[in-house]
Amino acid sequence: MNIKRFYPKTEHFVVFLVFIVTVLLIMPFSLENTRQASYISKWNEIYNKVEYMFSVINAHIDDNKIKIMKKAHTPHEREQALLMIIKPYLRINDGNISVRHYRPRFKNGEKIQKDSKYYFDEFYYAKGKTLIGIKNIHTETEKDPLFIMMFDVNGVLLPNRWGTDIFGINIYDGGKVEPFGYDMILDSLKDDCSKTGTGVSCSYYYTIGGGF
């Protein structure tokens with residue numbers, strides 16, 4: 001056996017093996033970061049469009065649509081009235097969709113209970129296969145939102161987690177909108193937008209340039 005030729009080949013193999021292992025370890029994190037950056041970019045695009053949409057609606061809403069909103073007595077009727085108004089702007093498909101196997105969760109993996117503010121039971125597809133939910137909520141003061149909306153930026157595809165591919169907004173009287181978490185301090189935003197938090201406030205955190 002030629003000893004002098006054996007060692008260089010062994011050294012090359014070890015270096016190659018270390019390189020492959022390093023690539024395999026880094027690749028999942030790199031792919032996940034790329035996906036998350038894509039979700040955040042799409043969320044910011046959606047939020048800017050929705051914010052502009054409501055400013056236009058507020059400026060041009062006609063008396064007939066206002067009357068329909070006022071005549072709506074149940075939460076479902078009010079949700080349908082709002083849906084009718086925003087439908088052409090977001091290019092929402094007719095009728096809600098069956099999402100029997102769609103089970104969104106909080107960022108930390110906790111299940112969203114039916115009595116949670118962030119539980120939605122009806123969903124619609126908007127342009128770009130974005131899945132949206134609309135919910136009329138109980139309002140106690142004029143400062144409280146009238147509705148909330150959720151947006152799953154990649155539809156029914158996984159991971160279906162708040163703060164990862166699901167984000168949301170508050171809708172106030174007069175058409176003002178704010179992302180969830182807008183009223184939280186930065187430290188609280190970071191905690192809630194971590195792997196141990198709900199991820200709900202990521203909706204605001206990522207619009208101000210927060211990292212992940």
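A contact here means heavy atoms within 4.5 Å. You're looking at a predicted model, where local features need pLDDT of at least 70, side-chain atom pairs count only at pLDDT 80 or more, and totals for chains, interfaces and linings use all residues. Numbering starts from 1 along each chain as its sequence is written, and side-chain values use heavy atoms, with hydrogens and water left out.

Now switch to cartoon view. The protein chain has five helices and five strands, in the order α-α-α-β-β-β-β-β-α-α from the N terminus. These are DSSP runs numbered from the N terminus: helices are H or I with at least four residues, strands are E with at least two.

**Stop 1: the core**

Select Phe-54, Ile-86, Leu-90, Met-149 and Ile-169. Of the 32 residues in the largest nonpolar core, these touch the most other members. Such a core is a set of buried Ala, Val, Leu, Ile, Met, Phe, Trp, Tyr and Cys residues joined through side-chain atoms within 4.5 Å. Buried means under 20% relative accessible area, exposed over 50%, and partly exposed in between, with a 1.4 Å probe and protein chains only. Helix H1 (3-60) gives the most to this core, with nine residues.

Which residues does Leu-90 touch, leaving aside those up to four places away in sequence? Show Val-50, Met-53, Ala-126, Lys-127, Ile-132 and Met-149 to see them. A second, separate core has 15 residues, including Phe-123, Tyr-125, Leu-131 and Ile-148.

**Stop 2: the disulfide**

Jump to Cys-193 and Cys-202, which form a disulfide with their sulfur atoms 2.0 Å apart; the cut-off for such a pair of cysteine sulfur atoms is within 2.5 Å. A search of the whole structure finds one disulfide. The torsion about the S-S bond is about 120°, so the disulfide is right-handed. Buried or exposed? Cys-193 counts as buried at 8% relative accessibility, and Cys-202 counts as buried at 0%.

**Stop 3**

Of the 22 residues that line the largest pocket, they lie nearest its centre. The pocket has a volume of about 520 Å³. For the largest cavity, select Glu-79, Gln-80, Leu-83, Glu-122, Tyr-124 and Ile-134, which line it; its volume is about 40 Å³.

Both come from a 1 Å grid over the protein atoms alone: in a cavity a 1.4 Å probe fits but cannot get out, while a pocket is an open set with protein on both sides within 12 Å along at least five of seven lines, and lining residues have an atom within 4 Å of a point. Points are joined across faces, edges and corners, and a volume is the space filled by probe spheres set on them.

**Stop 4**

Most residues other than glycine have a negative phi, and most peptide bonds are trans. Zoom in on Leu-158 and Pro-159, joined by a cis peptide bond with omega about 20°. Pro-159 sits in the loop between S3 and S4.

Then try Arg-91, where phi is positive, near 55°; Arg-91 counts as exposed at 52% relative accessibility. Finish on Lys-129, in the loop between S1 and S2. Lys-129 has a positive phi of about 65° and is exposed, with a relative accessible area of 57%.
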